[in-house]
Amino acid sequence: MADTIYQGDTGLQIVLDCGRDITAATNAALMVRKPDGSTARWPADITTEDGETRFLAYTTGHGDLAQPGAYRLQASLTLGDWSGRGKTALLVVLPQFAPSGAMATGTGA
């Protein structure tokens, strides 16, 4: 992942660690709360890193990071009889041309 993420970036791979083996999981997605409070579902791929299959990955496309501010992400999947979400991760997206050390502004609850 890039060290600094800017509004409008595409091709950014977002990887969430689910903390356990999810090889048999289905319906994998990243649930997203955008800075303006709207929500989205980004379909995710189950991936293996260092021999462990416990990660969900999504590559951003046009319009995914259209707003500067704090994006809240949760892994979402079905594993056996269980369906649910993981812990919330925070992704900060800076406005275009902001210096890399700047803080993004935006709402988010």
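## The β6-β7 hairpin

In this predicted model, strand β6, which covers residues 69-79, pairs with strand β7, which covers residues 82-93, in the antiparallel sense and over 10 bridges. Two residues lie between the strands of this hairpin, and Gly80 there takes a positive phi near 65 degrees.

Ala70 stands opposite Val92 in β7, while Leu77 has Gly84 in β7 as its bridge partner.

## The nonpolar core

The largest nonpolar core has 22 residues, and of these Leu30, Trp42, Leu56, Leu65 and Leu91 touch the most other members. Two or more residues of this core are given by each of the elements β1 (13-17), β2 (26-33), β3, β5 (52-59), β6 and β7. Strand β6 supplies the largest share, which amounts to five residues. In soluble globular proteins, nonpolar side chains tend to be buried together.

## The aromatic pair

The structure holds one aromatic pair. This pair is formed by Trp42 and Tyr58, which are stacked, with 4.9 Å from centre to centre and 20 degrees between the planes. Trp42 lies in strand β3 whereas Tyr58 lies in strand β5, so the pair ties together parts that are 16 residues apart in sequence.

Trp42 and Tyr58 are both buried, and Trp42 is also one of the residues that touch the most other members of the largest nonpolar core.

With a relative accessible area of 17%, Thr78 counts as buried, because the term applies to residues under 20% relative accessible area.

The side chain of Thr78 is joined to the side chain of Ser83 by a polar contact of 2.8 Å. When the neighbours within four places in sequence are left aside, the residues in contact with Thr78 are Ala24, Ala25, Thr26, Asn27 and Ser83.

Terms used
Residues are numbered from 1 along each chain as its sequence is written. This is a predicted model: local features need pLDDT of at least 70, side-chain atom pairs count only at pLDDT 80 or more; totals for chains, interfaces and linings use all residues. Side-chain values use heavy atoms; hydrogens and water are left out. Two strands pair if DSSP finds at least two bridges between them. Helices (H or I, at least four residues) and strands (E, at least two) are DSSP runs, numbered from the N terminus. A nonpolar core is a set of buried Ala, Val, Leu, Ile, Met, Phe, Trp, Tyr and Cys residues joined through side-chain atoms within 4.5 Å. Buried means under 20% relative accessible area, exposed over 50%, partly exposed in between (1.4 Å probe, protein chains only). Rings of Phe, Tyr and Trp (its six-membered ring) pair if their centres lie within 6.5 Å; planes under 30 degrees apart count as stacked, over 60 as edge-to-face and the rest as tilted. A polar contact is a pair of N or O atoms within 3.5 Å; within protein, one must be able to donate a hydrogen and the other to accept it, and residues adjacent in sequence count only if both atoms are side-chain atoms. Contact means heavy atoms within 4.5 Å.
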